[in-house]
Structure formats: structure tokens, C-alpha cells
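Dear colleague,

I am passing on the structure below, and my notes on it follow.

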Amino acid sequence: MQGIGNGKRQICYNIGAMNDGNTLLGPKGQRQSPGTGDSAVRIEGVVREFASVKAVDGLSLALAPGEIMGFLGTNGAGKTTTIKMIIGLLRPSAGKVSVFGGDPSDPAVRARVGYMPEVATYYPYLNARELLAFYGGICGLDAKLVKTRTDELLESVGLSEAAKRPLKTYSKGMLQRAGIAQALLNDPDLLVLDEPFTGLDPLARIHFRELLRSLREKGKAVFFSSHELGETELLCDRVAIMKHGHCVYQGAVKDLAGDGGSNLERLFLKTLEEAK
Amino acid sequence: MKTAFRQFKALVKLSFLELWRRNDIFALVLLGLALMVPLSMASPFGADGASRYLDEAALLLVWGFSLFIALGSGQRLLAPEFEARTIYPLLAKPISRGRLLFGKYLGALAASWSALAFFYVLFVGSVLLRGGAFAAELPQALALHFAFIALAVAVSLLGSLLMSASANCALSSIVLVGMFFFGRRLPEYADGLNPALAWLVKAVYAIAPHAEFFDMRQRLVHGWGAVGWPVFAAVLCYALVYIAVLLGLASLALRRRRL
């Protein structure tokens with residue numbers, strides 16, 4: 001086992017290669033065996049190929065309810081491909097992805113998942129309230145429930161005052177907040193976010209961070225990709241770092257504490273350097 | 001069942017909002033008003049023949065505008081979802097691709113049909129204002145026109161998944177307008193060609209959507225009477241089968257499309 005730091009740290013490199021995908025690092029860094037049914041997300045030895053290119057190669061990880069996991073990596077490392085497999089938009093070429101023990105493409109499983117893409121230009125002719133009503137209908141939610149949830153969510157993402165303005169008048173950050181609201185509309189048990197901090201101003205980031213922490217307190221699992229190492233360090237229980245389709249690091253963020261400064265940034269650079 | 005109904009309702013409402021909030025539809029409605037009202041009401045030559053000619057021209061405009069809206073609606077069903085990347089959060093929701101496609105189709109159909117109904121209200125209203133009466137053929141003509149619009153939306157929807165927006169609009173328009181005007185003449189045209197070309201023209205005749213089957217303008221304007229009910233039913237069945245095949249192919253294309 002290849003690790004960094006002192007004996008307290010249970011951090012390993014390239015877990016897929018280390019254990020052939022048979023043993024996983026579970027929530028809070030403990031080992032888990034495949035088949036444990038309590039994971040929100042379980043990825044076992046997943047490979048995803050596009051023509052001859054392996055976008056994801058031998059990835060294994062698990063995410064438990066009540067856990068926030070940051071998914072880091074350089075551009076083209078395979079983060080978005082992994083996220084698409086978790087939400088059932090792509091099927092792995094090999095290996096297995098399960099969400100709450102089921103197939104991610106199963107609508108019953110997806111009813112428990114919320115997803116926000118990195119960039120989406122939501123319907124410009126709708127306002128935020130209509131957007132959430134539309135997504136509520138797509139989720140099959142009752143109209144009264146959608147209205148209640150819409151009021152709550154618009155308040156929590158700070159769009160109440162702009163709720164009746166067409167989305168085409170929204171700034172990038174406001175669209176991002178509308179995206180967060182639509183992802184939370186069905187009160188998901190698993191929230192999957194692709195670059196959620198992009199475009200958010202500092203105040204919105206603080207609010208969003210608090211929102212994600214409150215979801216964790218409620219036992220929701222959060223999985224997000226990001227290039228924002230500072231935010232990731234502040235928010236996550238664990239991180240996984242991808243490079244060229246391989247997971248080159250998985251570990252608990254709390255194990256990084258103690259050196260002062262941005263430990264995650266140093267770890268990120270060191271990991272990528274050593275994984276060359 | 002309840003979930004499916006809510007999903008379809010949301011998709012239909014989205015299509016309606018898109019149609020009526022886009023500036024181009026208002027421009028089209030204004031154009032329709034500007035052209036149809038004088039065409040249908042004026043009788044500059046004071047003769048029945050000229051009046052019928054104007055009615056026929058007005059109906060042709062109704063066909064043109066409604067086809068334009070149908071092709072636009074079909075094109076805008078899924079292609080912009082991919083461009084704006086809203087397809088990802090949409091497909092991440094608990095809805096299957098097949099249901100999404102069918103719901104989108106229903107939405108475009110409802111929007112296009114509402115526009116067509118608006119044009120016919122204008123046309124029939126102008127006829128009544130002039131002292132004319134409902135033609136007995138009108139219900140059949142309306143039903144076939146609505147069926148044609150359903151077919152046109154399906155053609156455009158399939159095209160939008162296979163080619164670019166401009167290519168789809170151009171090809172769909174050429175095929176449907178071409179068949180509308182020249183479809184019934186293709187077999188006799190093929191007879192005058194060499195065997196290879198004749199086979200090609202006959203293949204086009206067999207495969208292409210027969211827009212001309214749905215055209216009852218002449219009967220409506222000249223009072224030639226309704227078509228027989230078996231023929232009417234056969235044309236509706238043709239439309240249903242053709243639409244089902246197109247939606248099946250579109251569903252296949254959506255499933256195979258890389259996300």
C-alpha cells in the first residue's frame with residue numbers, strides 16, 4: 001500500500017490498482033467490501049471507453065449517506081464522465097455503478113437523486129418559478145408540494161425577488177443558483193453536482209456551503225466535482241483525485257489538517273506530480 | 001399513471017410557453033392576420049370565381065404557416081436541449097427517454113394544433129363575415145389537416161435528432177412541400193424515365209410522407225363534397241402508422257445518441 005503522511009493517515013493511491021476493485025474505501029475512510037448495501041453510490045472497477053480512449057479506467061469508490069465527497073482532477077481527467085455514469089446517463093464499458101443498491105438509470109433510483117450540471121442555459125423564456133414547476137412535473141411531484149418546495153428553495157438560494165423574471169435576464173451566478181434549486185426540488189437523498197461553485201459570488205458560496213452542510217446533517221449524500229480546492233477542503237469529508245481516467249488518490253480531508261494553509265492544494269499538486 | 005400524466009402535462013406546458021413567448025410566433029401571427037383578413041374578406045372582382053380563388057389562396061397560406069410552425073416546433077423539441085445542456089438535468093430526473101420524447105412530441109403537437117386552430121378560426125370567421133356558410137367538407141378537411149400537422153411534427157422531430165437545425169428544416173420542408181404539390185404526379189413522372197431512375201422515383205413515392213393525401217382545399221373551396229369515410233379513415237390510419245414509425249425511429253436515435 002502506497003500512502004502519504006504518518007501512520008494516522010489512511011490515505012492510499014490508486015485504490016483500483018491496489019485492490020483490484022474488491023476492497024473499497026468507504027465513508028470516513030474505512031474499508032468496505034463490495035456488496036455492502038448501505039452505500040449511496042458504489043463504483044466498482046469501472047471502465048468507460050469512448051472509441052479507443054479510456055475516459056475512466058478502473059475506478060472504484062463508495063459514498064455513504066451523510067457524507068460529502070469532493071471529486072477533483074485536471075480537465076479531461078474523467079470527472080464528468082464518472083458523474084454521468086452515477087446519474088445513469090452513461091453506462092460503464094466494464095465494472096459496475098450502483099446508486100442506493102440499484103441501477104442508476106432506473107427511474108425509481110433517479111427519483112432519489114438530484115443533479116446539477118456544470119453549465120446549463122435553462123429555458124430562457126421561463127422564470128425561476130416556472131422552471132421549478134416544470135422540473136417538479138417531470139419528477140412526478142404533486143403541484144401543491146412543488147409550490148411549497150419552490151418557495152422554500154427560491155428563498156434558500158436567494159432567488160425569491162427574481163423569481164418572476166425570465167431566466168434570460170439572469171446572470172451566470174443566478175442561473176447556477178436556479179440549477180441548485182432544481183437539483184434539490186425532489187428532496188434527493190443523493191446530490192450530484194458538477195462544478196457547483198462556478199459563477200457564485202463569495203456570499204452565495206458561503207450560503208451554498210451552509211446548505212450542503214445542512215443536507216449532510218439530514219443524512220443526504222453529496223458528490224461534487226470541483227476545481228475549487230479551497231471550497232472542497234472546507235466542505236468535504238473525503239476527496240478523490242482523478243488523473244487521465246485513473247483515481248490516483250482517495251482520502252479523508254480531516255487527515256490533511258494540521259499543517260496550516262491549503263493542505264489540499266499541496267496534496268493535489270503532489271499527487272498529480274507523483275502520478276506522472 | 002399519475003406520474004406519467006404529470007410529466008406529460010409539464011412537457012406540454014413547456015412547449016406552449018415556448019411557442020407563445022417566442023417573438024417569431026407573434027410575427028407569424030401578425031403576418032397571418034395581415035395576409036388572411038384582406039384575402040378572405042375582399043372580393044375585388046365581384047365574381048364568385050375570384051372569391052373562390054382568394055379563399056384558395058388564404059387556405060394555402062394556412063397550410064404554409066401551419067407547416068412552418070409544425071416544422072419549427074419539431075425542430076425545437078430536443079435539439080436545443082442538447083445545445084443548452086438542459087438535457088442532462090432533464091434525463092437525470094425520473095423520466096425515461098421514451099416518455100420524454102413522447103411528452104415533447106405531445107407538447108409540440110398541442111402548440112402547433114393551437115396555432116392551426118387559430119388560423120382556421122380566422123379563415124372560417126372571414127368566410128362567415130362575408131355571408132358564406134360552413135361547408136359540409138370542413139370537419140373532414142380540418143381533421144386531415146390536423147393529422148398532417150401531427151405528421152410534420154414527427155418528421156421534424158426525427159430530423160432534429162439526425163442532422164443540424166438548418167439541414168433538418170430545409171430537408172423536411174422540401175420533402176413535405178414537394179410531396180404536397182407533386183406527390184400525386186410522381187408515378188406518371190416515373191413512367192417516362194429510364195428503369196433505374198423510375199425505380200428511384202417509385203421508391204421515393206413509396207417511402208416519402210404523402211402530404212397530398214391530407215389536402216382537401218379544392219373540395220372545400222369548390223364544394224365538391226366530402227371524401228368517402230373509408231378513404232378518410234384509411235388516410236388517418238396512414239398518418240397514425242407513419243407517425244408511430246417516425247417516433248419509433250426518433251426514440252432509437254435518442255437512445256443511441258451520445259450524452
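Leu191(A) stands opposite Val222(A) in strand β9 of chain A, and five bridges join β8(A) to β9(A) (residues 221-225), the two strands running parallel; strands here are DSSP runs of E with at least two residues, helices are runs of H or I with at least four residues, and both are numbered from the N terminus. Two strands pair if DSSP finds at least two bridges between them. This is a predicted model, in which local features need pLDDT of at least 70 and side-chain atom pairs count only at pLDDT 80 or more, while totals for chains, interfaces and linings use all residues. Residues are numbered from 1 along each chain as its sequence is written, and chains are lettered from A and ligands numbered from 1 in the order in which they are written.

Strand β7 of chain A (residues 113-116) is also parallel to β8(A) and joined to it by four bridges, with Leu193(A) as the bridge partner of Met116(A).

Five of the five residues of β8(A) (190-194) are buried, a term that requires 20 or more other C-beta atoms, placed from the backbone, within 10 Å of the residue's own. Leu190(A), Val192(A) and Asp194(A) lie on one side of the strand, and Leu191(A) and Leu193(A) on the other.

As for the chains, 23 residues of chain B are in contact with 27 residues of chain A, contact being C-beta atoms, placed from the backbone, within 7 Å. The largest share of the chain B side, nine residues, comes from α1(B).

Best regards

Conventions. A residue is buried if 20 or more other C-beta atoms lie within 10 Å of its own, exposed if 12 or fewer, and partly exposed in between; C-beta atoms are placed from the backbone. Two residues are in contact if their C-beta atoms, placed from the backbone, lie within 7 Å.
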